[in-house]
Amino acid sequence: MGAAPVYDEQKRPITMGGFVEKGAVVFEDVTKSAGLSGWRHRMGTPEKNFIVETNGSGVALLDYDNDGWLDIYLVNGSTFNALDGKEEPPHAALFHNNHDGTFTDVAAKAGVTNDRWGYGVSVADYDNDGWPDLYVTNYGKNRLYHNNHDGTFTDVAEKAGVQAGNWSTGSAWGDYDGDGRLDLYVSGYVHLDRDNLPTPGSKAVGYAFCQYRGVNVNCGPRGLQGEPDHLFHNNGDGTFTEVTAKAGVEDKGPYYGFTAIFVDINGDGKPDLVVANDSEPNYLYINKGNGTFEDQGYESGFALNGDGREIASMGIAVGDYQNNGLLDFFITDFGDDYKVLYHNDGDATFSDVSYKVGLAQTTIPFVGWGDGFLDYDNDGWLDLLMVNGHVYPEADQHDWGTSFAQRPLLFHNETGKKFTYIPPVKGSGLAAVIPARGAAFGDIFNDGKIDVIINPVDGPPTLLRNVNPDHHHWVEMNLVGGPKSPRDATCASVYLKANGMRMRQDVLASGSYISANDRRPHFGLGDATDPGTAEIHWPSGAVEMVELPVVDRIYTINEGHGITGALAIGLGPHHR
């Protein structure tokens, strides 16, 4: 049995209703005016007979042409007909930011249409040449798109030895052994045999019929064979060596892996690794500093929720919501279950505080995917947004109190003590009812406000522009690593002392649900007019203090050289 249905005053399921007439409008849906509405995501058939058709795809924010503005990469799915050559495969989109609020799809010209059955994406400069590269996971072989510095990319996955195979979902980048080069982790989901698909009642599912609330639905992931994860060590010559077993991150389950993130959890300067596993315990691999990891998922409290149950973990938001220097995790999961906020208790141990901080109850009817900690009102405290959508189209035919397309959920952080639900104002971005999957968070318009791009299943993307009426100050940083760090400073941690607080942000190559956020640390400053001092912990181990001169700027900071450039909103780059 599922949780009791929740309806709004119009008797609509709360997942597609509950709108209010007035209130602060935080986000505006600008998809059409931005020029994004012509592209469509496609994944299998609308009936969703197989799990490979349901999970949907990620989205990345990256500045692929180094012009100082974020571009958007939307992964596309596919169909069995396309795999069999019976129809043209769906294409991924690379939307170039035109600096005027509009975007142009240049994927074909850039050579990144993928044309395979796409799932996840991560962004990293794996060869330290100063240009961001893309790793795209697929059902089938994965792609490593190397940036050619001229607006085009070349897929070098097979040459590099990182194509993997079968069905990969998440990917993560981090320099786990401190050699200055980014290594790659790839999470596998389900091992799917094209000739023995998990049809209900078939041998592939042990002749079982798969049901949800008494209704026949597609099968999986439970009962299906998992696909193992991989760790690839960067050899520095354009090739990688698989070191999964040697490094102690062998996915012995193998579990159904989704989002993976390299991030320094215990503050020792070495990137640790977290993996969200669907319907199975999560991994928390602590970096031992000798080229190996130890899974402390159970000991840390991160493997299960507070009830001691595994959850259908999908998206991972990483952030220091209490401004105490410790990273917390918010994990989205399936409907009929609350979404989990793991509070970092120090020493890399976590407790489930979802009910205590007011996040649990509201989230239960929703099937959550992409999520992020974002300071939407720039008050210096990280708020929380999650996007949602069901996996069973049958939801719309039955009185389950839920829907296939669902609206996002936004929670405001009350000084680290609790989260307040922000109701969706009718007609605003929070009222967008879509079957959402991937989401990426970042300052897309370079105006110091964090926006959200959502990749749904079977439809156009949704771009939520942050139009919150606050006039708070902010500061952002574009970090460039020195010779002993990865050039793009992946896994650097920044502590900003300003506005009477010490806030933390990390440079990450992956996150949300198999997506990639804006890599630039962003800090809201409230009404403070002094941007304070940034304490930057570089991947090389160096710690640098940088005094920031003025608020409302995007600073470029080079390791060992301090500020080397600044961008002021709407004025284009100007160097001091």
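Start at Asp8: with a relative accessibility of 11%, Asp8 counts as buried, where buried means under 20% relative accessible area, exposed over 50% and partly exposed in between (1.4 Å probe, protein chains only). The model is predicted, so local features need pLDDT of at least 70 and side-chain atom pairs count only at pLDDT 80 or more, while totals for chains, interfaces and linings use all residues. Residues are numbered from 1 along each chain as its sequence is written, and side-chain values use heavy atoms, with hydrogens and water left out.

**Stop 1**

Arg12 counts as partly exposed, at 26% relative accessibility.

Now select Lys11, in the segment before strand S1 (27–29). Strands (E, at least two residues) and helices (H or I, at least four) are DSSP runs, numbered from the N terminus. Lys11 is not a glycine, yet its phi is positive, about 65°. Lys11 counts as exposed because its relative accessibility is 68%.

**Stop 2: the whole chain**

Zoom out. The protein chain has six helices and 39 strands. Its radius of gyration is 22 Å, close to the 25 Å that the globule rule gives for 576 residues, so the chain is as compact as a globular protein of that length. The radius is taken over C-alpha atoms, and the rule is 2.2 Å times the number of residues to the power 0.38. Along the principal axes, the C-alpha atoms fill a box of roughly 65 × 55 × 50 Å.

Of the 576 residues, 64% count as buried. The chain exposes about 19,900 Å², and carbon and sulfur atoms supply 50% of that area; the method is Shrake-Rupley with a 1.4 Å probe, and for residues only the protein chains shown count as cover. Among contacts with a separation of 6 or more, residues 24 or more positions apart account for 60%, a contact being heavy atoms within 4.5 Å.

**Stop 3: Ala92**

Select Ala92, in the loop between helix H2 (80–83) and strand S4 (93–97). Its relative accessibility is 2%, so Ala92 counts as buried. Leaving out residues up to four places away in sequence, Ala92 touches several residues, including Trp39, Tyr73, Val112 and Asn114. For a distance across the model, pick Asp527 as well: its C-alpha atom is 41 Å from that of Ala92, and the two are 435 residues apart along the chain.

**Stop 4: Asp488 and Arg519**

A search of the whole structure finds 20 salt bridges. For one of them, select Arg519 and Asp488, whose closest N and O atoms are 3.2 Å apart. Arg519 lies in the loop between strand S33 (501–506) and strand S34 (522–526), and Asp488 in the loop between strand S31 (473–480) and strand S32 (493–498), so the pair ties together parts that are 31 residues apart in sequence. Both Arg519 and Asp488 are buried.

Stay on Asp488. A polar atom of its side chain lies 2.7 Å from the backbone nitrogen of Asp125. Beyond four places in sequence, Asp488 also touches residues that include Ala124, Leu182 and Val507.

Next, select Arg504 and Asp506, a salt bridge with its closest N and O atoms 2.9 Å apart. Arg504 and Asp506 are both buried. Then select Asp307, Arg309 and Asp337, which are linked in a network of salt bridges.

**Stop 5: Asp175**

Go to Asp175, in the loop between strand S10 (168–174) and strand S11 (183–188). Asp175 is buried yet has no salt bridge, and the nearest side chain of opposite charge, Arg181, is 7.3 Å away. Here Lys and Arg count as positive and Asp and Glu as negative; His and the chain ends are not counted. The side chain of Asp175 reaches the backbone nitrogen of Gly180 at 2.8 Å. Pro271 and Pro486 are among the residues that Asp175 touches, not counting those up to four places away in sequence.

**Stop 6: backbone details**

Select Gly220 and Pro221, joined by a cis peptide bond with omega about -5°. Pro221 is in the loop between strand S13 (215–216) and strand S14 (230–234). The peptide bond from Gly253 to Pro254 is also cis, with omega near -20°; Pro254 lies in the loop between strand S15 (240–242) and strand S16 (257–263).

End at Asn378, in the loop between strand S24 (368–374) and strand S25 (383–388). Asn378 has a positive phi, near 50°, in a residue other than glycine. At 1% relative accessibility, Asn378 is classed as buried.

Key: A salt bridge is a side-chain nitrogen of Lys or Arg within 4 Å of a carboxyl oxygen of Asp or Glu. A polar contact is a pair of N or O atoms within 3.5 Å; within protein, one must be able to donate a hydrogen and the other to accept it, and residues adjacent in sequence count only if both atoms are side-chain atoms.
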